[in-house]
Amino acid sequence: MREKCSAGVVCVLTALLAALLTGCTQQPAAGRESGDGPRATGSVAPSATRTSGFGAVFLAVDECSSFGKASFTEVPCTSERAAARVVARHDGTTADGPPCPATTDFVLHISEQSRLSDEDGDGAVHQGYACMRNLEPPHPGDPGGGGGPRTIVGDCVYGSGDGQVRETACDGAGARKPQYQVVKAVAERTQCPLSTALYVQLGGARPVGCARPL
């Protein structure tokens, strides 16, 4: 687990695919919780062009976006340009809304657009966010994939200093080798296995990730 705007354009903020998780052996680490942890914030916004005829909601569930160096555009999922599919779509911000599905690859933050500025004439676009899944591998949101907006069971991390950790690919393909792997998600630290060496904050109903050394 990346802003241009012009008339008729909806700006989107993508999630950072590798964001800060904090952790120590005494307290849970800050992870990618509620679908918008540290990896899903602070990014620069590519633009998303609203295309008429794709439905009442821009980037609704099961719609697709293209990838580009400067912009994301809503396109038919059958298009050769289609690169990622919306697996969940919510209004508001990720801080206040529901979390993205666990294996979300990245998050698009969609800025609000008024009806008056909508040149297509198909209505206003409300502030929201779209949880995206790549149509083809790689899938950084998968367990051990080294990315995505959430930390989940199977993910690996390494110490980045000052009691903090970052996620990295479990297979060692990332820039840093994995040092710990989250093997279980529990409600409280006391429920972690005795082999737990690090507690990682996951968010949700089972917010504590029990990580063992590799």
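Tutor: The link of Cys-100 and Cys-131 is left-handed, with -75° about the S-S bond. A disulfide is a pair of cysteine sulfur atoms within 2.5 Å, and here the sulfur atoms of Cys-100 and Cys-131 are 1.9 Å apart. Cys-100 lies in the loop between S6 and strand S7 (106-110) and Cys-131 in strand S8 (residues 128-134), so the pair ties together parts that are 31 residues apart in sequence. Strands (E, at least two residues) and helices (H or I, at least four) are DSSP runs, numbered from the N terminus.

This is a predicted model, in which local features need pLDDT of at least 70 and side-chain atom pairs count only at pLDDT 80 or more, while totals for chains, interfaces and linings use all residues. Residues are numbered from 1 along each chain as its sequence is written, and side-chain values use heavy atoms, with hydrogens and water left out.

Student: Are Cys-100 and Cys-131 buried or exposed?

Tutor: Buried means under 20% relative accessible area, exposed over 50%, and partly exposed in between (1.4 Å probe, protein chains only). Both Cys-100 and Cys-131 are buried.

Student: How many disulfides does a search of the whole structure find?

Tutor: The search finds four disulfides. Among them is the link of Cys-64 and Cys-77, with sulfur atoms 2.0 Å apart; it is right-handed, with 100° about the S-S bond. Cys-64 is in strand S4 (residues 64-66), and Cys-77 is in the loop between strand S5 (74-75) and strand S6 (82-91), 13 residues apart. Cys-64 is buried at 0% relative accessible area, whereas Cys-77 is partly exposed at 26%.

Because Cys-156 lies in strand S9 (residues 156-161) and Cys-170 in the loop between strand S10 (164-168) and strand S11 (180-186), the pair ties together parts that are 14 residues apart in sequence. Cys-156 is buried, at 1%, and Cys-170 is partly exposed, at 26%.

Student: How should I read an aromatic pair?

Tutor: Rings of Phe, Tyr and Trp (its six-membered ring) pair if their centres lie within 6.5 Å; planes under 30 degrees apart count as stacked, over 60 as edge-to-face and the rest as tilted. The structure holds one such pair. Phe-67 and Phe-106 form a tilted pair, 5.5 Å centre to centre with 50° between the planes. Phe-67 is partly exposed, with a relative accessible area of 43%, while Phe-106 is buried, with 6%.

Student: Which residue lies over the face of Tyr-199?

Tutor: A charge sits over a ring if NZ of Lys or CZ of Arg is within 6 Å of the ring centre and within 35 degrees of the ring normal. Arg-189 lies over the face of Tyr-199, at 5.2 Å from the ring centre.

Student: Which residues are joined into one network?

Tutor: Arg-133 meets Asp-142 in a salt bridge (2.7 Å, N to O). Salt bridges that share partners join Asp-105, Arg-133 and Asp-142 into one network.

Key: A salt bridge is a side-chain nitrogen of Lys or Arg within 4 Å of a carboxyl oxygen of Asp or Glu.
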